[in-house]
Amino acid sequence: MLDHWIKHPTILTGELVDLIPLEEKHFAELYLAASDKSIWEFIPTNCSEPEKFKQTYSIALAERNKGNHYPFVIYHKATNKLIGSTRLFEIFPNDKKLEIGWTWIMPEYWASAINFECKLLLLTYCFEVLKTIRVQLRTDENNIRSRKAIEKIGAQFEGVFRNDKIKENGLPRNSVYFSIIDSEWEIAKEKITAQISKKKQW
């Protein structure tokens, strides 16, 4: 179960952002951040629609209670507001592996240091606190921006899972899978830190 591996509440503190456990009290502000449709172009569920947002993030809380997901909100320190969300899921304590995903931020912060800092916080927690041996990431095959960002953090391309998801329009989605394993973490950490230094300053 969740409390045997990921302790609640887990707060991850960075220079630009804090990752704070999602709670229902965050829904109203988080929905404002999520309301731009462009955020959801490559994500199977369009959470720019209020009912889908509420349903999706209510499920995220229920899944946390079961030990299956650990969702965070992204708190931007400079503006004192929530600007996105991310989570740990596909949690397998016995195999010491999990996935980072459901990550999105408001478009005005795309191409900034923020996504890299989020990944640094999450991966540091995974490899240095949880002692994972594998962290997986995946994205839509057609999401070139996301694929490039994943490659820049040192994740290794593993392949394409064909017809991996069904999108809301009923069409299948191919997913691209990446991973970082424990022996690669120190090199990946250096790459992420370099990306953050390059992107000043939000």
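With which residue does glutamate 90 form a salt bridge, and how far apart are the closest N and O atoms? In this predicted model, where local features need pLDDT of at least 70 and side-chain atom pairs count only at pLDDT 80 or more, while totals for chains, interfaces and linings use all residues, the partner is arginine 138, with the closest N and O atoms 3.7 Å apart. Residues are numbered from 1 along each chain as its sequence is written, and side-chain values use heavy atoms, with hydrogens and water left out.

A salt bridge is taken as a side-chain nitrogen of Lys or Arg within 4 Å of a carboxyl oxygen of Asp or Glu, and by this rule the count comes to 11 salt bridges. Glutamate 90 is partly exposed at a relative accessible area of 35%, whereas arginine 138, at 18%, is buried, where buried means under 20% relative accessible area, exposed over 50%, and partly exposed in between (1.4 Å probe, protein chains only).

Arginine 138 also meets the side chain of glutamate 99 in a salt bridge, at 2.6 Å from N to O. This pair again connects distant parts of the chain, since glutamate 99 belongs to strand E5 (residues 97–105) and arginine 138 to strand E6, 39 residues apart. Glutamate 99 is buried, with a relative accessible area of 1%. Glu90, Glu99, Arg138 and Asp164 are linked in a network of salt bridges.

A further salt bridge joins the side chains of glutamate 158 and arginine 134 (2.8 Å, N to O). Because glutamate 158 lies in strand E7 (residues 156–166) and arginine 134 in strand E6, the pair ties together parts that are 24 residues apart in sequence. Glutamate 158 is partly exposed, its relative accessible area being 42%.

Strand E4 (residues 81–92) also holds serine 85, which counts as buried at 1% relative accessibility. The side chain of serine 85 reaches the backbone oxygen of phenylalanine 72 at 2.7 Å. With neighbours within four places in sequence left aside, serine 85 is in contact with Leu30, Tyr57, Phe72, Val73, Ile74, Trp102, Thr103 and Trp104, contact meaning heavy atoms within 4.5 Å.

Conventions:
Helix = DSSP H or I, 4+ residues; strand = E, 2+ residues; numbered from the N terminus. Polar contact = N/O pair within 3.5 Å; in protein donor to acceptor, adjacent residues only side chain to side chain.
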